[in-house]
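Subject: Structure for your files

Hello,

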Amino acid sequence: MENKKCFLDKLFTLLRTYGAKTLTMDDIAKEFSMSKKTLYKQYKNKEDLLYEVLEHISQEALAEVEKVRKEFACPMEVLFISGNRIDEVTCHEKNAFVFQLLKYYPEVFNAHQKSISVKIIDIIKNNYGKGVELGFFRKDVPIDLYIKFLTTLLFSVDVSPLFEEEKDKKSISIAMKVFYLEAIVTEKGKKRLNELKTKYE
């Protein structure tokens, strides 16, 4: 099997194009010029393969977030930029993949959501702590609950029928972050948030 990263990147592209159910193990083996036996040595079933693809893409997205956190001091700006970087890596135009995952492989989808949610919540919680230190975020908010609200929003947009007609993914991504930030900013934070909205919207 070729380099694992290249393999998973290419496989994700195929899954986005054809869907999680439509793309078979036979198709995958043929695409990568390998026997099914070789493929099944690496993955005992399709569910394992799908889970590894999801984890790989998520780790790449989280790596982009870490780069942003090191580059920018303002925790609010980190949220704005991280959203753009994650969109670039995960490619939100993946409806066939996501919808078929939900319909045919719900256990894989849910296991992945739980896995990545823990990491995302930890990142946002650290971001909030930094914002409090800088005077941008209030201390008197139920932040654990608010972070769960934001994380749920981030996951639900791709699969909610309410957003099927929305084509501008960037605007939706920004709106979710503004919705969250508006609930936790101080007066000082509000001023900075308005500057960032002008910059990124």
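At what angle do helix H1 (residues 4–18) and H4 pack, and how far apart are their axes? The angle is about 105° and the axes lie 10 Å apart, with axes being lines fitted to C-alpha atoms, for helices over the stretch in contact, and angles running from 0 to 180 degrees between N-to-C directions. That makes H1 roughly perpendicular to H4 (65 to 115 degrees).

This is a predicted model, in which local features need pLDDT of at least 70 and side-chain atom pairs count only at pLDDT 80 or more, while totals for chains, interfaces and linings use all residues. Residues are numbered from 1 along each chain as its sequence is written, and side-chain values use heavy atoms, without hydrogens and water.

Helices are DSSP runs (H or I, at least four residues), numbered from the N terminus. H9 (residues 169–182) and H10 (residues 187–200) pack at about 175°, with axes 11 Å apart. H9 is therefore roughly antiparallel to H10 (over 145 degrees).

The largest nonpolar core has 30 residues; such a core is a set of buried Ala, Val, Leu, Ile, Met, Phe, Trp, Tyr and Cys residues joined through side-chain atoms within 4.5 Å, where buried means under 20% relative accessible area (1.4 Å probe, protein chains only). Among those with the most contacts inside it are Phe80, Phe137 and Tyr180. H7 (106–133) gives the most to this core, with 6 residues. Apart from it lies another core, of 26 residues, including Leu23 and Tyr105.

Regards

Technical notes:
Helix = DSSP H or I, 4+ residues; strand = E, 2+ residues; numbered from the N terminus. Parallel < 35°, antiparallel > 145°, perpendicular 65-115°, else oblique. Buried < 20%, exposed > 50% of the residue type's maximum accessible area, 1.4 Å probe, protein only.
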